There are 2 protein chains.
Amino acid sequence: MNELTPLDNPVEALKASFRLHASGVAIVTCSSPDGKPVGFTATSVTSLGATPPLVSFNVARGSSSWPSLEKAEFVALHTLGVSNLELANRMAADHTKRFEPNDWHKDARGIPLLHGVTSVLILKIRQIVEVESNAVVICDVVEGFVGAEQAPLLYHQRSYVTVDKLA
Amino acid sequence: MNELTPLDNPVEALKASFRLHASGVAIVTCSSPDGKPVGFTATSVTSLGATPPLVSFNVARGSSSWPSLEKAEFVALHTLGVSNLELANRMAADHTKRFEPNDWHKDARGIPLLHGVTSVLILKIRQIVEVESNAVVICDVVEGFVGAEQAPLLYHQRSYVTVDKLA
């Protein structure tokens with residue numbers, strides 16, 4: 001491979017490769033079976049085609065959100081801008097402290113919607129594919145809410161960053 | 001939803017929301033059944049856990065690469081840096097002109113590996129989940145090759161961009 005260094009250990013290879021890859025940051029929320037808000041920061045959100053409109057994301061089945069997510073019918077996907085840095089950090093930290101009283105509300109379906117994000121998509125879970133200790137969650141887009149344009153929040157090399165034009 | 005504009009049409013909602021989301025850019029390659037190189041630019045590549053190391057990506061089943069991909073045992077995932085802009089554009093354009101004589105070679109497994117990228121992961125396809133006209137491809141990481149650090153290539157609002165620190 002010319003100038004590249006071989007890494008025979010696949011775990012090391014995955015980690016080293018993805019350190020060179022950047023991802024958009026989003027937050028997925030749903031309601032727990034007893035009606036409490038549940039959510040987490042996700043860097044795996046991606047479109048799965050527009051006809052019909054589908055979205056997929058990955059989640060660890062050992063995460064605090066999984067027991068609620070696997071029972072949920074609907075979830076909300078929130079895209080984030082640079083003004084949402086504190087929210088992204090909070091939704092990736094202690095799961096008992098992710099929701100603050102005035103920064104979200106329940107919609108008519110009971111889904112917790114976060115305020116101040118750049119957009120929200122209401123998703124209906126269509127299929128969950130369990131793979132080892134993880135899952136791919138495949139969802140239909142039901143409807144959405146879009147805000148003012150803002151520079152997107154990204155994750156790269158264990159830090160939050162934004163975009164810049166190519167030189 | 002406070003300051004957000006509702007979009008009842010789910011296709012419009014998906015498009016408007018994902019215009020606010022940025023994605024890392026990668027290239028997936030494999031060999032066709034008759035040994036020709038096949039590849040495409042992908043913005044859906046994401047990790048699916050590290051124990052064991054897994055990667056997923058999405059692909060349209062109507063794409064030129066699909067007939068080869070669905071028969072392939074192995075694929076190569078290439079992460080891209082800002083120096084790979086021309087390659088990213090070429091691998092998203094006319095599928096008969098994606099490979100140039102001196103910018104790739106076949107590895108021992110017959111997989112086409114592109115030169116000059118920031119890293120390569122050799123992936124073994126574990127499961128393909130067909131969803132409408134698309135598919136989620138779930139792969140085990142076999143080994144990898146990692147190059148020098150470089151600013152990553154991203155896709156946002158139909159343009160290639162890179163990362164910048166938060167202000």
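**Close-up views of a predicted model**

View 1. A:I27 stands opposite A:T41 in β4(A). This is a predicted model: local features need pLDDT of at least 70, side-chain atom pairs count only at pLDDT 80 or more, and totals for chains, interfaces and linings use all residues. Residues are numbered from 1 along each chain as its sequence is written, while chains are lettered from A and ligands numbered from 1 in the order in which they are written. Strands are DSSP runs of E with at least two residues, numbered from the N terminus. Strand β3 (residues 26-31) and strand β4 (residues 37-42) of chain A run antiparallel, joined by 6 bridges. Two strands pair if DSSP finds at least two bridges between them. They form a hairpin with 5 residues between them, and A:G35 in the turn has a positive phi of about 90 degrees.

**View 2. β3(A) and β7(A).** Strand β7 (residues 74-79) of chain A also runs antiparallel to β3(A), with 4 bridges. Here A:A76 is the bridge partner of A:T29.

**View 3. The two faces of β3(A).** On one side, A:A26, A:V28 and A:C30 are buried; on the other, so are A:I27, A:T29 and A:S31. A buried residue has 20 or more other C-beta atoms within 10 Å of its own, with C-beta atoms placed from the backbone. Because 6 of the 6 residues are buried, β3(A) is largely enclosed by the rest of the structure.

**View 4. Chain A against chain B.** Contact joins 69 residues of chain A and 69 residues of chain B; it requires C-beta atoms, placed from the backbone, within 7 Å. Strand β11 (residues 134-146) gives the largest share of chain A's side, 9 residues.

Terms used
Contact = placed C-beta atoms within 7 Å. Buried ≥ 20, exposed ≤ 12 C-beta atoms within 10 Å, placed from the backbone.
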